[in-house]
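I opened this entry to keep track of what I looked up, in the order I looked it up. The sequence and the coordinates go in first.

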Amino acid sequence: MWRGRALDDLTGRVFDAERLRLDELRVSAWEDAAAAGLELGRAAELVPELTALVSGAPLRERSRARLMLALHRCGRHAEALDVYESGRSLLRSELGVEPSPELRSLYEEIPALGVSGDSVLLVPDHTEPPTPGRGGPDHPLGPFVGRAADLDGLRAVLGRERLVTVVGPGGVGKTRLAIEACVPLNSSYDEVWWVDLASADGAGVLAAIAGALGLSDAAVRPDQPPHDYTHRLTSFLTDRQAVLVLDNCEHLLDALAPLVAVLLGRCPALTVLATSRAPLAVAGETLYPLAPMTDGEAAELFRARALMIDPSFTADGTAAHDIRSLCRRLDGLPLAVELAAAHVRLLPVREIEHRLDDRFALLAKGKRTAPARHRTLRAVLDWSYALLDATEQRVLTELALYVGGCSLDEAETAIPLPGADPHDILRVLAQLVDKSLLFTVPTPDGSRLRMLETLRGYALDRLRDGGEAAAAQERFMAWALRFVRESADGIAPGDQGEWIGRHTMESANIRAASDLLMTRGRTAEALWLEARRGYYWTISGREEEGIDRLRRSVEAFDVEEPTEEDELALFYALTWLVWLNHVVGRHAEAAVFIDRYKAAWRQARNPDLAVLGPCYEPLHAMLAGRLDDAEKLFEPADRGIAGTAFHWDRAVLRTNWATYCLQVGDVDAARGHGLAAVAAARAAGDDYATAFSLINCGDAEESGGDHGLARERWTEAARILRSVGARALYGYTALRIVCLDITEGAVGTAGHRLAEVVRLADDIGADDLRAATAVLRGALALHAGRFPDARAIFAEVWDSPTAPLDRRAMSAVGLVAVTAFGPATPSAADDARRWLERAAEAHARVREPLARRAVGALLDRLDRCLRTGADDGTGADRLRAWLADNPSLLAGFSGVLNGPGRHR
């Protein structure tokens, strides 16, 4: 029984902390009881109790959500929505944050709760692929042995602290403990994200985390200042109650420490769990030192692993004593214990310990300055390595070059064994797995071989010490060049999604190979390697990574007499640098690379560049806002490339030409160029280019009033984009279809499609896509006569610091409509005029022609309505009529003609 304030007569930090804990338990119990009461149908009697609970803790969202639900079930829908609005205002003023996704979702769903009916999704929910990075790494095989106290202790610390770092030497089991500690967290947190930083460098930390969270680099509009990764990460994580696990941090402390401090400062519901050999040294960090196992735990681990290797292994009597003795000599390091256990089929335990003795003595003489635990681990690795035959040693050390692991096929073809056939290399790989020196990770494309970072570092040292590094690195670089060439040249229609997946899996290896090429002065090959990957960065939404890699390779390129192939590589590297910088909003950098692009192709001796060079100049003129110059450049460029084998480049040229025609209002020409682009893309066998061209065809058909054909084009494009994993462009294509749904009165279908795009925008952290979906959500609320909802949604976009200008202009237009056509108030006319003026001011600064035209058309309609007082039906009638009667009006409502990758 709870009576009064807990520990009210006691003071001090200890009692204050305990009082807070008990208060939290009490409120949580009340909230749980309220949830149960709601399920039992006691909504009406719970309203006063929940109202008091919210009054006592107004920033607590669980209580507020239950009060909203109780009011809704009593039929008091408006009051339920008001509870949300007051909570949102309080969160903004007190904490500077927005409500959580869960509370926002409840707010959006309340008007439709309890309503059933058939719905059609553009892509069914059950086909949604898992978000990259979510859920942690592959769970290791074998039971988790020992460490019960450490596991309980780490979970307890995670329950009360926001930054916890598990510290300990290499091989002590930090990663495995973190994996096990995170298992129960999935039920109490929105997300548990795992980021393996073993292969990242200081410059790539932010990109690695963003990639693991599944963020798209196309989150910034071309006409907006670029957001850095820190902004995008904090925006993505701010409203999520999540755990971010950063594994293998020791080599990145200088880069990670300030980033973690910013994330925790700006994301109040975020918890960070790190594993490292050294502390992050961030204020508020709680260290969890992980010591080696006790003798008993280490012996239990040895027995468990030995039984997995040899089911007939027994550990009774003398053997049990020998195991404890061996584990004691190994300092209880789990990695050392597992490596030693791998040999029980060959040697008895006592013989294993005996053979370790000489190795320890030898290492102590040569490495006295090394830490004791490192000496012990090194001894185990030395001994394990010595037990391998020459072929196994060669394969192990060469595989260490593959920082991201490799497939069985790659290992079989990339590592030559004189006189051996593929079955021999497979046998060697199996032996290395049996000896715990490699482990396999299942993937959709088959098993992938990996090794622990401690082992990989050791194997690289052995490779250098043995004098084989140069030849092995040569083979590794040759593999990367061959992989990129074959994957770029050999893609058949329908295989692009698989190609993107393979490139993602091999990205760390390709980066390592490119860095090796530049280190060796082979800058032309490095440039060629990176230039061929431009398409991958565009489709996968990793534009920032592409800019970094391409800029490095272009700056390092110093060939005095380039070959024709070198000139072609430089041409495409600069082409992608212009495009990728434009996509993420770095227009000044794009302009610099445009100048270098012109010089590169005009000075080149390669005759192909005389054909290809002019194809991209119209695009560059459009990016610079010089539409008159672009018009003069299209026709000569097309004459030059027509009839050649450069189908992909011609598809790009015709796509840009179609976009230009739409911007100047020539719908028939846009339709023709769009169809020519589709034909060229199909001749090139390129799915993504085909989808991009189909979008333009649909844009032209919609602008010409043929909504049925526009839907057909966009639906086919959406299907292709979904299959290749181009998530951002897929989202903008889906918004086009939502607009058609609204036009045709299929509001329920439009709502379901829109909900899918909202989830996608949150998943990839795309601010522009969020704003576009919000404008359409406001339009749907206006259509349904839910004027308070529409006003709140449009106001949120108008007030958003990350919403692009044309989105804000459309939100102001929406607020004009809400004020003019909503419930009459004494100030309605003045309010409508004020919002009309704000919308006109924003419209005057919109630069993209299609969005500018669409916003202007709506402003003219609204201005006439306000001046004449015309009443042309309900809000739903107006919205359908305006979307149907104004070609390309959807460019204003959803911005889909001006999304990432579109021209200014």
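What share of the contacts in the protein with a separation of 6 or more comes from residues 24 or more positions apart? I found 71%. I note at the start that the model is predicted.

**Entry 1, overall.** I counted the secondary structure next and got 41 helices and eight strands. The protein has 904 residues, and 54% of them count as buried. I read off an accessible surface of about 37,800 Å², with 53% of that area belonging to carbon and sulfur atoms.

**Entry 2, the sheet.** I traced an open sheet of five strands, and the order I wrote down is β2-β3-β4-β1-β5, with parallel pairing. At its edges I have β2 (191-196) and β5 (286-289), each of which pairs on one side only. On average, neighbouring strands in this sheet are turned by 15° against each other, direction ignored.

β3 covers residues 242-247 and β4 covers residues 270-276; I counted five bridges between them, in the parallel sense.

Which strands does helix α10 touch? I have α10 (residues 253-266) packing on the sheet against β1 (163-167), β3 and β4. The direction of α10 makes about 165° with that of β4. I also looked at α8 (residues 205-212), which lies across β2 and β3 and runs at about 140° to β2.

I moved on to β7 (residues 439-443) and β8 (residues 446-450), which run antiparallel and are joined by five bridges. They form a hairpin with two residues between them. Within this pair I noted P442, which stands opposite S447 in β8.

I logged R147, with a phi of about 60°. R147 lies in the loop between α5 (101-109) and α6 (148-160). Is R147 buried or exposed? I find R147 at 4% relative accessibility, so it counts as buried, the cut-off being under 20%.

I also logged A281, again with a positive phi of about 60° and again not a glycine. A281 lies in the loop between β4 and β5. Its relative accessibility is 67%, and because the cut-off for exposed is over 50%, I put A281 down as exposed.

How many aromatic pairs does the structure hold? I have 19. One of them is Y535 with Y688, an edge-to-face pair at 5.6 Å centre to centre with 85° between the planes. The pair links distant parts of the chain, with Y535 in helix α23 (residues 534-540) and Y688 in helix α31 (residues 687-703), 153 residues apart. I checked the burial of both, and Y535 and Y688 are buried.

F634 belongs to helix α28 (residues 627-641) and Y660 to helix α29 (residues 647-664), and the two are 26 residues apart. Both F634 and Y660 are buried.

Which residues do ring pairs link into a cluster with Y535 and Y688? I have W576, W648 and F692 in that cluster.

I found R240 over the face of F236, at 4.0 Å from the ring centre. I also have R808, whose charged end sits over the ring of W798, 4.3 Å from its centre.

I finished in helix α34 (residues 747-764), where A750 is found. I get 0% relative accessibility for A750, so it counts as buried. What does A750 touch, leaving out residues up to four places away in sequence? I listed V738, D741, I742 and L780. A750 and L780 are 30 residues apart along the chain, and I have their C-alpha atoms separated by 8.4 Å.

Note on methods. Residues numbered from 1 in each chain as written. Predicted model: local features only at pLDDT ≥ 70, side-chain atom pairs only at ≥ 80, totals over all residues. Heavy atoms only, no water. Pairing = 2+ DSSP bridges. Helix = DSSP H or I, 4+ residues; strand = E, 2+ residues; numbered from the N terminus. Axes fitted to C-alpha atoms, helices over the stretch in contact; angles between N-to-C directions. Contact = heavy atoms within 4.5 Å. Buried < 20%, exposed > 50% of the residue type's maximum accessible area, 1.4 Å probe, protein only. Areas by Shrake-Rupley, 256 points an atom, 1.4 Å probe, with all protein chains shown as cover. Phe/Tyr/Trp six-rings, centres within 6.5 Å; stacked < 30°, edge-to-face > 60°. Lys NZ or Arg CZ within 6 Å of the ring centre and 35° of its normal.
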